[in-house]
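Grab the viewer and follow along.

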Amino acid sequence: MISELPVPPWLFLIGGALILPVLPKLLRSPAFLLTSLLSMAFVWFIPEGARFEVPFASYTLILCQMDQLSRVFGTIFALIAFAGGVYGFRVQSTGEQVAALLYAASALGVTFAGDYVTLFFFWELMAVSSTYLVWARRTVESQRAGIRYLLVHLFGGSLLLAGILLHTVKTGTILISAFEPDASASAWLILGGVALNAAIPPLHAWLVDAYPRATVAGAVFLSAFTTKAAVYVLVRIFPGWDILIAFGVLMALYGVVYAVLANDIREILAYHIISQVGYMVAGVGIGTEMSLNGTTAHAFSHILYKALLFMGAGVVLHTTGRSKLTELGGLARAMPAVLALYMVGAFSISGFPLFNGFISKGMVVSAAAEAHFEIAVLLLHLASVGTFLHTGLKLPYFTWFAEESTALPTKTPPSMLVGMSIVAFFCALFGIAPSLLYRHLPFNASFEPYTIPHLVETTQLLVFTFMSFWVFRRHLRGEFTISLDTDWLYRKPARVVNRSVVLSAGAFFDAAERIAETVVKQLTIILGNPWPRTRGIFQHEWGANVPAAFEPNAARPPMEKVIALVLACFLLAALLSVAR
Amino acid sequence: MRPWHWMSLVLLAALSLFAEFAMPHDAEHWWSVVPGFFMLFGFVGCLVIIFFSKALGKLFLQQDEDYYDDL
Amino acid sequence: MIVIRLEDLLYSAPLLVLTSSGLLALIAEAAGRDKPVISYYTSLIGVITSLILTFLNLGAGVPVFNNMILQGGYAAYCNLIFLSSALLSIVLSRSYLERMQYHRGEFYVLIVFATAGMMLMAAALDLTIVFLGIELMSICLYVLAGFMRKKELANEAALKYFLLGAFATGFLLYGIALIYGTSGTTNLVVISRSFAQLSGNSLFLIGCGMLIVAFSFKIAAVPFHMWAPDVYEGAPTTVTAFMSTGAKAAAFATFVAVFVRVFDIPGTALSSVLALIAAASMIVGNVTAIAQNNVKRMLAYSSIAHTGYMLSGIAAGNAEGEQGILFYLVAYTFMNIGAFGIVSWVEQQEDRKLKFDDYAGFSARQPAVAVLMSVFMFSLAGIPPFAGFFGKYYVFLAAVKADMTWLAIIGVMTSLVSVYYYLRLVVLMYFCEGESDVAAKVPLAAISAVTLAAVLVILLGIYPSLLVDMTKGFFKI
């Protein structure tokens, strides 16, 4: 029955967002969870190849189109919406929940869109709804960061729209299909828009600018949706674009380098999103079936463990009000469960055997090795070293160990722990039983993660990274600084631009108007009635006749009679023409 | 870090070396024939990341926290 | 022999009913002094009746009165815009004027007559009717702009508007004279038949250029926009709402009627002139709006920017552009009148509570109103799924199709700039602490008017083909 009715899975989330504000307070969080479960169910019930179409002007929109690739991304988006909902069960405001539902809906919408118009629609909805999650932190910093975030995303959206318009005009179709590498200007424009959302440097600064300033639960959703939806679009439209290999590897290292300098724990994690997405982007660039499977699997794994890491950092922020390494330390005894769950995420992202990072990262790296991109392989290994160094060692060490705690954490809300446990469970599950994930991957390539060489190289890398960290750990201590990134390009010159462009444009037209007014004034004086100017001569004779105050009603003619006459004429004309 | 922590780490490393020698595999890449390559890679890579980034930071990337506030 | 046929009168019923209701209201106002409510209801009934009659008239367009005006079709579509704008303005004005202590009956009469002028403008098939309509509308608006006659800013606004309006009228008349001189007729249909030969005649082109100047004044396009911010700020807020929607839509409707429906401009110099004006309006309007602290002035500059977006549709001059403008006009009318309506609720006497900061923390006290305002702001910023997005989508698509990709790029980039100042208001309402509130209890009628506008903005954003399909047949003549 359901197969005949392919309801788009995102419909439930949008519906949930609409009814949530009118529900009683007690029911809002359960409703959040229920709608995300429903959408998850439909991601699974809708059969492959099902389509949901509506006519739109002279085109047909494909609101929902199901295939294996969409299903994998759809599943993880719905799953993380649920887990994030559990995590934020007690701490999210209604506005945040509505925004999060819309955000999840738009991520699903992008995933199932069959045409560019639908894609663009959800793309923009994604930008707007996620901005709310930044603003909802309600600090001055987050307001400004939110505006910057939104503007940058709408800029990316404009690139995408420009590409879509050009593509539509050229080919006459709005259907989504893969571009040949280096195809056309429209493909490059679309790639630009998608690359911005995938946070490919130099278009990445919005991510590390906004995510550390988002709300505690909001950051969990942010870490999951925007970049991974962009990765999905890359897999769908740009497989095998060579340039993406170089950019992917660059990203993987870029995030690592900046994470060394970052002091805010969520900023470290944000830079590591860039690093991890680098693997996926490189995988798309390689473009073999194995690498695309690897990208898909890594996106799936990444969403899980990155959400878990952000949840852990969120608990620290929520319970202590602090998020800087320089202000944290020694919290292990106060929150052992949080630490343990965080470490599951950290082991996963670092690619420890038996955790889900191991089974997906290996796929991308060995796809690169198979395609003989040797430098890329080594650089990705290096990024992997950096990942373990920061998220697995530096961050937990300086947050939960190092010196004695000066912060007094409040009790961790149980809902947060439950949310973390759910995600941690899946991190371990897919690590132990990778076939659960592999079976659903869209492309036809098999991969066996648990081989001796893979285990050997992983063990060696991790053990010696740890030793190196332990020896040099004092160099990694947080510092009270911020790091310049490409957002400098639009943050620092803002004032100059404001002065030179905005204010000067206004000043120019004001001046033009003043000149015009002066000219008119002079002209009226010159060309006006000469009599008043001679009046001064006869002042003493004529000055006595000052007229009384003007009384408008006295000067009014009996209007009603005139108008009645006009109306009568109207009537007469009408009657005459009827009579003819 | 207690002694047994270090012991188990060394044991792990030794085990991985043993596995590498005992179960030879196809030498796909040049590093496959270097024994313990990834030990060195991990250690040196970590060093490179720390000091390269810190050098960049000191050079120009790191600024005061109120760097953007004076706008 | 010139005859008036019965059909002429029947087809013109919406116009006649509206005019009669205005006259009746005037009589009532003159006879029963100090009872503005009578005039309010009379004009309201007139506008609603006219609206219903226009709906019945939506079929194919028919030239009436000896090919002087067009009724039905395109004219009816545009009339719907003017009449809805008038309806919403009248409903919003009552409580606003009562609060400002300027509640007079003649206000509604002037709105009704201005609307009649707009209807004539959109229906014109002859340049003399264009002139007649523009003057009827403008003279009413001059008075309305200075309606708060004890307020200095309002007097300045009215005078400035009047002087610059007279200036524009001069251009219009000279333009018409030159066109008449070169073509021998003022009838647009006749001119359109010989446009190909005439377009080589430089005097004719100068005439067209003067028409462009005159219309640019009326739609407030850069560099003829200078009156707009002052007038929009000085006029009563509901009049500003009416001027920036109805009057602008009327000027655009005529612009389209003359330059798209009749003249075949793509590829000519006129098209590039229009494109330049469009680009300048988008840039100046959006960039200057950033610097504003007064919400009414911000909306005034944003209205200049929207003029630019719509002009790019005219410059493109293709089917998408035409349909795009017609859709845009409807979307713009509803979102702008809604925004101004809410501004008029917050505003207090002596121009207080018009600043951005006066909206801080608004959502805490008026959650529903804050949601409505956000809808309008998002739509004005052109973010889907609101109607404003599809308006922009169509006109920019038209520009790309007409090989004016540069214009579309400027449009997209500047509308990005606009997001900043629209959403600044949203951020202030939702994420800042403050004491702001609406000035007084807002009557149900006004609330439902604004809610209706918001519903339409969302509906058209989700289902734009509702209107777009309707406008397809309007450009054959």
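A salt bridge here is a side-chain nitrogen of Lys or Arg within 4 Å of a carboxyl oxygen of Asp or Glu. By that rule, 2 salt bridges cross the interface of chain A and chain B. Keep in mind that this is a predicted model. Over all chains, the search of the whole structure turns up 17 salt bridges.

**Where chain A meets chain B**

- Chain A puts 49 residues into the contact, and chain B puts in 45 residues.
- The two chains bury about 4,600 Å² between them, and 73% of that is on carbon and sulfur atoms.
- One of the salt bridges here links the side chains of B:Lys58 and A:Glu479, at 3.2 Å from N to O.
- There are also 11 residue pairs in polar contact across the interface of chain A and chain B, both residues of each pair being at pLDDT 80 or more.
- Which elements of chain A supply at least two residues each to the side that touches chain B? They are helix H10 (243-261), helix H15 (374-400), helix H18 (452-472), strand E3 (481-483) and helix H19 (488-491).
- H18(A) gives the largest share of that side, with 16 residues.
- Sorted by type, the residues on the side of chain A that touches chain B come out as 27 nonpolar, 12 polar and 10 charged.

**A strand pairing between chains**

- E3(A) runs antiparallel to strand E1 (residues 62-64) of chain B, and 3 bridges join the two strands.
- If you want a residue pair to click on, A:Thr481 has B:Asp64 as its bridge partner in E1(B).

**Salt bridges within chains**

- As a general point, side chains of opposite charge can pair when their charged atoms come close.
- In chain A, A:Arg491 forms a salt bridge with A:Asp487, with the closest N and O atoms 3.3 Å apart. Buried or exposed, what are A:Arg491 and A:Asp487? Both residues are buried.
- Over in chain C, C:Glu98 and C:Arg94 make a salt bridge, and their closest N and O atoms are 3.4 Å apart. These two are separated by about one helical turn because they sit 4 residues apart in helix H4 (residues 73-100) of chain C.
- C:Glu98 counts as partly exposed because its relative accessibility is 40%, and C:Arg94 also counts as partly exposed, at 23%.
- C:Glu156 pairs with C:Lys160 in another salt bridge, at 3.3 Å between the closest N and O atoms. About one helical turn separates C:Glu156 from C:Lys160, since they are 4 residues apart in helix H7 (residues 152-183) of chain C.
- C:Glu156 is partly exposed, with a relative accessible area of 40%, whereas C:Lys160 counts as buried at 13% relative accessibility.
- C:Glu156 and C:Lys160 also belong to a network of salt bridges that links them with A:Glu513, A:Glu517, C:Asp230, C:Glu233 and C:Arg297.

**A buried glycine in chain A**

- A:Gly283 is part of helix H11 (residues 265-286) of chain A.
- At 0% relative accessibility, A:Gly283 counts as buried, because buried means under 20%.
- Setting aside neighbours within four places in sequence, what does A:Gly283 contact? Its contacts are A:Ser291, A:Leu292, A:Thr295 and A:Val364.
- A:Gly283 and A:Ile375 are 92 residues apart in sequence, with 14 Å between their C-alpha atoms in space.

Technical notes. Residues are numbered from 1 along each chain as its sequence is written. Chains are lettered from A and ligands numbered from 1 in the order in which they are written. This is a predicted model: local features need pLDDT of at least 70, side-chain atom pairs count only at pLDDT 80 or more; totals for chains, interfaces and linings use all residues. Side-chain values use heavy atoms; hydrogens and water are left out. Buried means under 20% relative accessible area, exposed over 50%, partly exposed in between (1.4 Å probe, protein chains only). Contact means heavy atoms within 4.5 Å. Buried area is the accessible area (1.4 Å probe) that two parts lose on being put together, summed over both. A polar contact is a pair of N or O atoms within 3.5 Å; within protein, one must be able to donate a hydrogen and the other to accept it, and residues adjacent in sequence count only if both atoms are side-chain atoms. Ala, Val, Leu, Ile, Met, Phe, Trp, Tyr, Cys and Pro count as nonpolar, Asp, Glu, Lys and Arg as charged, and the others, Gly among them, as polar. Two strands pair if DSSP finds at least two bridges between them.
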